[in-house]
Amino acid sequence: EYYKSKNKIKCEVCGFDFESTYGALGKDYIELHHIKPVSVYEENGEISNLEEARLNLVPLCSNCHKILHRNDINVEKLKEVFQNER
């Protein structure tokens, strides 16, 4: 809902928009990548700072999300690679 309200339902790296490609099936869909593990924001099994935890999320398409984890790189590095390969 947060990203819908900010009109950021596109991949932060490549700009992929699920709705543009899949129509209604892809409406309001995006994967979210945690920059820091969720456990950093947990205290007694609960998230202690929701706003900070929200800022820890980056909207990504499935492909960019998998590539990022597979290569253990950060979002900025993946953006750089994406731009240089175009």
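Which residues form one aromatic cluster? I'll take that up in the opening point, then move on to the charged pairs and the strands. Please keep in mind throughout that this is a predicted model.

1. The aromatic cluster. The residues to look for are Phe-16, Phe-18, Tyr-22 and Tyr-29, which together form one cluster. The structure holds three aromatic pairs. In one of them, Phe-16 and Phe-18 have ring centres 4.9 Å apart and planes at 90°, so this pair is edge-to-face. Phe-18 also pairs with Tyr-22, and here the rings are stacked, with 6.2 Å centre to centre and 20° between the planes.

2. Phe-18 and Tyr-22 both belong to helix 2 and are four residues apart, which separates them by about one helical turn. Phe-18 is buried, with a relative accessibility of 9%.

3. A salt bridge across the sequence. The count of salt bridges comes to three. One of them joins Glu-12 and Lys-79, whose closest N and O atoms are 3.7 Å apart. Glu-12 lies in the loop between helix 1 (2–5) and helix 2 (18–22), while Lys-79 is in helix 5 (residues 75–84), so the pair ties together parts that are 67 residues apart in sequence.

4. Glu-80 and Lys-77 meet through their side chains in a salt bridge, 3.6 Å from N to O. These two residues are three apart in helix 5, and about one helical turn separates them. Glu-80 has a relative accessible area of 42%, which makes it partly exposed. Lys-77, with 37%, is partly exposed as well.

5. The remaining charged pair to check. Asp-28 and Lys-27 also form a salt bridge between their side chains, with 3.8 Å from N to O. Asp-28 is partly exposed at 36% relative accessibility. Lys-27 is likewise partly exposed, with a value of 46%.

6. Strand 1 and its partner. Which strand does strand 1 join through four bridges? The partner is strand 4 (residues 57–60), and the two run antiparallel. Within this pairing, Leu-32 stands opposite Pro-59 of strand 4.

7. The two faces of strand 1. In a regular strand, side chains alternate between the two faces of the sheet. Strand 1 (residues 31–34) has Glu-31 and His-33 on its covered face. Leu-32 and His-34 are on the uncovered face.

Key. Residues numbered from 1 in each chain as written. Predicted model: local features only at pLDDT ≥ 70, side-chain atom pairs only at ≥ 80, totals over all residues. Heavy atoms only, no water. Buried < 20%, exposed > 50% of the residue type's maximum accessible area, 1.4 Å probe, protein only. Pairing = 2+ DSSP bridges. Salt bridge = Lys/Arg side-chain N within 4 Å of Asp/Glu carboxyl O. Phe/Tyr/Trp six-rings, centres within 6.5 Å; stacked < 30°, edge-to-face > 60°.
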